[in-house]
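Welcome, and please take a moment to look over the sequence and the model below. We will then walk through the structure together, from the whole chain down to single residues.

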Amino acid sequence: MTETVQAGAIAPAAGACVLGWFAPGSPEWHAARAAGIGGSEIAAVLGLSPHESRFSLWHRKKGMVAPVEETDVMYWGKLHEPTICSEFGRRHPGWDVRQAPTYGRGIQIANPDRELFLPDGTVELLEAKTSRDDEHWGEPGTDEIPVHYRAQCLWYCDVRGARRCHVAVLIGLSDYREYVVEYDPAEAALMRDAAIEFVRTVEADERPSIDGHAATYQTLRDLPEGLDAVDVEIPTALRDRFHAAQDAAWAAEDELTACKGELLDRIGTGQRAVCERQRIATRTVRDGHTYQLLPARTRRTAQ
């Protein structure tokens, strides 16, 4: 059942309405998003999400795999959200920071963390994030944020009719930063078209291709039920491709281990390896004496 916008609020974009007020991750929240595409899902549709692939999202929309389970990162991010939003409000006196409902417009679903009502009568949005480090986060005040978060911000602005979305992030539990994503109608149109096409494939039962995303592999692991003690013949080309990839992976693993060893040797008692002012890897201490390298570049991984 839809609801009217609360008194004093600015109406959402044309065609959008309030679907309700749901706690993130609740059964009602999942139900409201089931037939549409949410802000955390549009990045997967575009192939930009580190957590979800088109393949895994497609199967979730078909009801063939369960909703994404809450991870420790998601849990702590949700726990810190009120504190981050409160800090944003403290730094912007005169801005009315309000809890936001779930909005819907066609297949578009928007769950912004907060709505910002400015003294000039305009509405903007706020997303609160946490991060272990500043990788993929640029200079504060810019729009240099992880690309999947940018997609989320634009999606929410498009539905809500907001001109910009602010992103407040707490990095390493002590480095508070703010960023601003301006609404771009052209980008939003491309995202809508991609979402419409994705939903069409779900309704037409057109499964996406298998890709190298870890979420795709995890989905394929979750789909079968039971284990039949039978042999299944596979094509020769797939066998050869698998063997070649396995050999390449072993060779790459050996080379990576050698490179990490040389990096540790070069770093010595230092903390970070840099090249031309770009961070390459960070040396961390575990158990008081065991050292390991954390690369600055990250691969897409499943939740």
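The paragraphs that follow begin with the overall picture and then turn to charge pairs, surface patches and backbone angles.

This is a predicted model, in which local features need pLDDT of at least 70 and side-chain atom pairs count only at pLDDT 80 or more, while totals for chains, interfaces and linings use all residues. Residues are numbered from 1 along each chain as its sequence is written, and side-chain values use heavy atoms, with hydrogens and water left out.

Let us start with the whole protein. It has eight helices and 11 strands; these are DSSP runs numbered from the N terminus, with helices being H or I over at least four residues and strands being E over at least two. Taken along the principal axes, the box filled by the C-alpha atoms is roughly 65 × 55 × 35 Å. The protein contains 303 residues, of which 37% count as buried. Here buried means under 20% relative accessible area, exposed means over 50%, and partly exposed lies in between, using a 1.4 Å probe and protein chains only. The accessible surface comes to about 18100 Å², and carbon and sulfur atoms own 53% of that area. Accessible areas come from the Shrake-Rupley method with a 1.4 Å probe, and for residues only the protein chains shown count as cover.

How much of the contact count comes from residues 24 or more positions apart? Among contacts with a separation of 6 or more, such pairs account for 62%, where a contact means heavy atoms within 4.5 Å.

Now to the charges. The protein carries 34 positive and 47 negative charges, and their mean positions are 3 Å apart. In this count Lys and Arg are positive, Asp and Glu are negative, and His and the chain ends are not counted. Each charge is placed at NZ of Lys, CZ of Arg, CG of Asp or CD of Glu.

Side chains of opposite charge can pair when their charged atoms come close. The structure holds 26 salt bridges, each defined as a side-chain nitrogen of Lys or Arg within 4 Å of a carboxyl oxygen of Asp or Glu. One of them joins Glu81 and Arg114, with the closest N and O atoms 2.8 Å apart. Glu81 sits in helix α4 (residues 72-91) and Arg114 in strand β5 (residues 114-117), so this pair ties together parts that are 33 residues apart in sequence.

Another salt bridge runs between Arg177 and Asp134, whose closest N and O atoms are 3.5 Å apart. This pair also links distant parts of the chain: Arg177 belongs to strand β8 (residues 175-182), while Asp134 is in the loop between β6 (123-131) and α5 (147-160), 43 residues away. Arg177 is buried at 14% relative accessibility, whereas Asp134 is partly exposed at 31%.

A further pair is Arg150 with Asp143, again with 3.5 Å between the closest N and O atoms. Arg150 is buried at 18% relative accessibility, and Asp143 is partly exposed at 37%. Elsewhere, salt bridges with shared partners join Asp120, Glu124, Arg163, Arg164 and Glu182 into one network.

Together with Leu46 and Leu48, Val147 forms a nonpolar surface patch of about 200 Å² of accessible area. Patches are built from residues with over 30% relative accessible area and no salt bridge, joining like charges within 9 Å and nonpolar side chains (Val, Leu, Ile, Met, Phe, Trp, Tyr) within 5 Å. His148, also found in helix α5, is buried at 16% relative accessibility. Leaving aside residues up to four places away in sequence, His148 touches Ala43, Leu48, Ser49, Pro50 and His51.

There is a charged patch to find too. Glu253, Asp254, Glu255, Glu262 and Asp265 form a negative surface patch, and Glu253 lies in helix α8 (residues 236-267).

Finally, consider the backbone. Most residues other than glycine have a negative phi. Glu276, although not a glycine, has a positive phi of about 55°, and Arg277 has a positive phi near 70°. Glu276 is in the loop between β9 (272-275) and β10 (278-286), and Arg277 is placed in the loop between β9 and β10. Glu276 is exposed, with a relative accessible area of 76%, and Arg277 is exposed at 84%.
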